[in-house]
Amino acid sequence: MENNFLLEILVQELPYQFIPSAEAQLFELFKKLLDDNKINFLNIKTYATPRRLALLIEGADEKQQDVAKDVKGPILNIALDADGNYTQAAIGFAKKNGISPDLLYQKDNYIWAKVEQKGKTVKEILTENIKQIIMKLQGSHFMRWGYHEEKFSRPVENLVAILNDEVLDVEIFGIKATNKTRGHRFSNVKEVVITDVLKYPDILKIANVYVDVEERKQLIVDSAAKKAEEENLIIDFSNLEDLLDEVTYITEFPVPVICEFKEEYLQIPDIVTVTVMSKHQRYFPLYEKTGKLSNKFITMANFVGEDKESFDNIKAGNQRVISARLEDGKFFYDEDIKTPLIERVPLLKGMTFQRNLGTLFDKTARIEKLSSYMADKLNITDKSDILRAAKLCKADLSSKLVFEFTELQGFIGENYALKSGEKDNVALAVKEHYFPLNANSSLPSKIEGQVVSIADKIDTVCAVFLSTQNDKKKKRPTGSNDPLAVRRAIIGILRTVITYGLKLDLADLVKYSLKLISDEFNIKIEDETQGEIFDFICSRLNVIYEKTFDNDVLAACKNTEPLSDLNLWLDRVNHVQKFVSENENFVEILEAINRVLRITANHKTTNEIKTALFEDEEEKTLFDAIVQAPQITFENMGDIKFFVNPLHNFFDKVLVMAEDEDIKNNRLNLLGILANRFNSICDFSKIVSR
């Protein structure tokens, strides 16, 4: 019989960031439980709303398989007395394993028992583990609720745990599981009985709850698009993925409501209005079919009913809020544009960049120097626009509008730069020097933005590593401890350099940036700091390409100075990957290479070969092969295969470690030449045989 199980935890409104994480955790924990207990199943599906987390297991086995196993008991001299009868130790061993002493047997000087272990039912396994799994859920700001010692994100109000049509004997936070749950807070159906676990999503719709996340998201998209069309407007979800996800997780029964604000607020740059609506108020902006921003928007109400007065109140409340926010935005904007952007640069002296590392004015000066240094390395003859963009890149941080809406940094800087009469490419660089905003978003499109972007990010990376070099308690940036987004900054640098083929030596740039900071603040650069930065950048490089290349290939190419020329390094990795993947006899080739590397590893070799010391034909043959192929690079590494047979013959016939010291060294030098050529391509010892 296939078994179906439903778990639902009803809670007070959850923080929306926790909900997708909790869904994923529930899935993994229950999957692991079933896998560890060797219970097969057809499918696991999770559901979530702001008030409930649920999981449905379909088609689970009835029970574990029974297992027969041999259990080792006491050694014979303890298990048997002088007459060969079982002692109390043997009898106790039999009793412990639930069998008669007559069924014990002897093997390898020990007493053994063949024990039948009955498999547990899926009901037993679930009942024993549901509470433990729920208590394993993790998230930020977990607290104790009421008199309970256990912590959870929000107070639990109800628990459903049903296997087929049977309620399991489970209790959490003093609440026993039932087959009943509650509907939407405003639904006329207050209590819902789960009569069929497989129909759980449909049953909850009766009580105005769309529990399936993807279905609810699609409902939001369809209903909002329809409502916009009624107003002869359009809604663009392509740039609103985060907003769509958030609204999906804060509603159970989403209903679109059209609202509007005064048209005078459209005089503010669209980026300000859209940011206020989407980032701060969770509203969906609407556009005219010409692409112009409309003064109407959609809010998704989590409301049930046809009461016009209630919807009028929802509409009026949201319109009051947006009007107040946009009024602030308009005031700040009107005030800000009275001051040219260049005049805002000195105001950065009052804004701290990082503790012990000066102000944003200081950082801006370093960005200018780094930008000038890079422009010279890139052979840019006229770098005036780059330096102008570098000087202005942080100026908008002193504006009232960016102080209020930090998401606008750069975007509003571009607008202020244009209002101040700056060149288009300079204004664009002010905005785009923050790019990419995430791992996969757009890069700076022009050279001015590319250079200033790299300069800004390199300075931040070096500042962070310098500021923590003497504090062993502080960790290097990690996923949970990276306030200045160093990891993202490095990926942005790497993507920009590689995408646009910029001929920049990042190792050299790091050294220059460290020197600028250390000279300015009299900070001694510890020996390991520079190496740590290089290693950290290389680790991010691996993150970018871990799905493109094999891990061992990336590891093999790590020591080939990737930061000196990223595009050359990428070309090298491509060639090595191709060589490793496409050579049918790669195992034989790798064996020959590694044998050469092992033998020469602890010997200082030279390129001096004395042919007069050759004793065997195989030595001469290998030497001729080396002379005929004097250069092997990653670009022609296919030539390595021509050395395989000469090497095999050499190792079969020639004793490298000859008693005569001169002959031995001559043979090691011969192999050393090859070792140097192999090592110049990559570290083949890191590559795994295919």
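Predicted model: local features only at pLDDT ≥ 70, side-chain atom pairs only at ≥ 80, totals over all residues.
Residues are numbered from 1 along each chain as its sequence is written, and side-chain values use heavy atoms, with hydrogens and water left out. Helices (H or I, at least four residues) and strands (E, at least two) are DSSP runs numbered from the N terminus.

**The largest pocket**

- The largest pocket has a volume of about 1600 Å³, where a pocket is, on a 1 Å grid over the protein atoms alone, an open set of points where a 1.4 Å probe fits, with protein on both sides within 12 Å along at least five of seven lines; the volume is the space filled by probe spheres set on the points, which are joined across faces, edges and corners.
- Of the 43 residues that line this pocket, Glu407, Gln409, Phe411, Leu437 and Arg488 are the closest to its centre, a lining residue being one with an atom within 4 Å of a point.
- By class, the lining comprises 20 nonpolar, 11 polar and 12 charged residues, with Ala, Val, Leu, Ile, Met, Phe, Trp, Tyr, Cys and Pro counted as nonpolar, Asp, Glu, Lys and Arg as charged, and the others, Gly among them, as polar.
- At least two lining residues come from each of α7 (241–249), α8 (270–280), β16 (284–287), α10 (360–377), α15 (447–468) and α16 (486–499), and α8 gives the most, with five residues.

**Helix α8**

- The buried residues (under 20% relative accessible area, with a 1.4 Å probe and protein chains only) of α8 include Val272, Thr273, Val274, Thr275, Val276, Met277 and Ser278.
- Among the elements that cover the buried residues of α8 are α7, β16, β17, α9 (308–336), α12 (400–404) and α13 (411–419), and just after the helix Arg282 takes a positive phi of about 60°.

**Strand β17 and its partners**

- Strand β17 (residues 293–302) is largely enclosed by the rest of the structure, because eight of its 10 residues are buried.
- Strand β15 (residues 254–260) pairs with β17 in the antiparallel sense over seven bridges, pairing being assigned if DSSP finds at least two bridges between two strands; the bridge partner of Val257 in β17 is Thr299.
- The antiparallel pairing of β16 with β17 runs over three bridges, with Phe284 opposite Ile298 of β17; these two strands form a hairpin with five residues between them, and Gly291 in the turn has a positive phi of about 100°.

**Helix α21**

- Helix α21 (residues 586–600) has 15 residues and reaches 21 Å from its first C-alpha to its last, close to the 21 Å expected at 1.5 Å a residue, where the expected span is 1.5 Å times one less than the number of residues.
- Its buried residues include Phe586, Ile589, Leu590 and Ala592, and the cover over the buried residues of α21 includes α20 (566–582), α23 (644–653) and α24 (661–681).

- Thr460 is found in helix α15 and counts as buried at 9% relative accessibility; not counting residues up to four places away in sequence, Thr460 touches Phe353, Lys363 and Leu484, contact meaning heavy atoms within 4.5 Å.
- Lys431, in helix α14 (residues 424–432), is buried with a relative accessible area of 18%, and, leaving aside neighbours within four places in sequence, Lys431 is in contact with Gly410, Phe411 and Glu414.

Terms used:
Buried < 20%, exposed > 50% of the residue type's maximum accessible area, 1.4 Å probe, protein only.
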